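User: I've got a model open and want to check how some labels were assigned. Can we go through them one at a time?

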Amino acid sequence: MIINRAAFMTGLGQMEIREIEMPKPKPHEVIVKLEYCGICGSDVHYYENGRIGDFVVEGDFILGHECAGVVVETGSAVTELSVGDRVCLEPGITCGQCEFCKSGKYNLCPAVEFLATPPYHGAFRDYLAFPENMCFKLPANVTTLEGALVEPLSVGLHAARQGSVTLGSTVVILGAGCIGLCTLLACRAYGATNVIVVDVLENRLAAAYKLGATHVINAAEHDAVAYIDELTNGRGADVVVETAGAVVTVQQTSYLVKRGGTIVLVGMAPQDTIEFNFAKILAKEAQIQSVFRYRNLYPTAIQALASGMIDLKGIVTHQFEFDALQEALDFVTSNKRDVVKAIIKF
Ligand SMILES: NC(=O)c1ccc[n+]([C@@H]2O[C@H](COP(=O)([O-])OP(=O)(O)OC[C@H]3O[C@@H](n4cnc5c(N)ncnc54)[C@H](O)[C@@H]3O)[C@@H](O)[C@H]2O)c1
Ligand SMILES: [Zn+2]
Ligand SMILES: [Zn+2]
């Protein structure tokens, strides 16, 4: 008999693995046996605090949304996928009817059901039923480990696209966590020739350098704004992407952006209201863009991985077994500086 297990967060910092029913596919769904699921900053946040903004965990809750696996069963109306296909799951199921869905900006759908965003359970379980049209087939040369990382990579690709990064762009990326590094890979793939990455942790800057940053700056040792001013001969960057989620880095963006350039806000700062120099934006005719997850990018991400244009393998620093999920979350929580990306193997 096949056993399905799920890891429930039963309280702050508490996980419990329990047997759950095997899912049955609705006509347009497939059953995916999960192989990898990344631990995201948001999972850690729910685990530690039980909430992110207005999203509050109530009752036992399954975390995890960066996942990939193998199709083991197909619903009666499934046409594109077959048993044995390896797929990664785009975690946001949208209504398809609202003006945002209809205009292709489905990431803005107010009715989205996103894995591991309360009240919708996530993917830390062996088997999951999911709509066929949100499961993307992986080519033979892309592993399910890479498939699980398509989720954060898509955030980076969306950031590069929101900033209109192109061949020859000079980009500053503030923050070199998983999202900053994925943004770096994306900007390089979109053609940025100069990518300056700023962080306060040496190990993350070393990772950024290895993944193709042209300059790395430790903001604990240098005044990042002055340093970048010098590097760009006082011109600033075509695109500044904020992925640190700190008040100071949000504030730095208006000083770092070039005249006519673009700021892309990705990081979620601890406070909603931040003092910001809008006079600089005005004088520079700079644009401010933002990123909410991603849209229409899974196929692009998978093609980039398959072609070798983007190599994600350097991102994962820690791997744990599903049985050790509690240990994994505790480790990530207490070693935030050392862990760039942890992933769970089923
Ligand atoms: N907009 C979206 O759709 C979206 C999606 C995913 C994640 N996020 C957000 O993006 C941010 C990054 O996510 P992550 O998983 O990479 O987090 P992370 O915490 O691993 O990375 C943040 C990095 O910023 C660095 N940092 C802190 N202060 C800094 C400073 N003053 N100057 C330069 N760097 C500094 C940290 O050392 C760290 O390496 C988070 O705020 C997360 O909530 C947003
Ligand atoms: Zn995530
Ligand atoms: Zn919608």
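Analyst: Helices (H or I, at least four residues) and strands (E, at least two) are DSSP runs, numbered from the N terminus. This is a predicted model, where local features need pLDDT of at least 70 and side-chain atom pairs count only at pLDDT 80 or more. Residues are numbered from 1 along each chain as its sequence is written.

User: Which residues of helix 1 are buried, and what puts them on the same side?

Analyst: In helix 1 (residues 41–49) they are Asp43, Val44, Tyr46 and Tyr47. They cover an arc of only 160° around the axis (taken from the directions from the helix axis to the C-beta atoms), so they sit on the same side of helix 1.

User: Why is the pair of phenylalanine 320 and phenylalanine 331 called tilted?

Analyst: Rings of Phe, Tyr and Trp (its six-membered ring) pair if their centres lie within 6.5 Å; planes under 30 degrees apart count as stacked, over 60 as edge-to-face and the rest as tilted. Here the centres are 5.8 Å apart and the planes at 55°, so the pair is tilted.

User: What makes phenylalanine 331 partly exposed?

Analyst: Its relative accessibility is 31%, so phenylalanine 331 counts as partly exposed, whereas phenylalanine 320, at 13%, is buried.

Conventions:
Chains are lettered from A and ligands numbered from 1 in the order in which they are written. Side-chain values use heavy atoms; hydrogens and water are left out. Buried means under 20% relative accessible area, exposed over 50%, partly exposed in between (1.4 Å probe, protein chains only).
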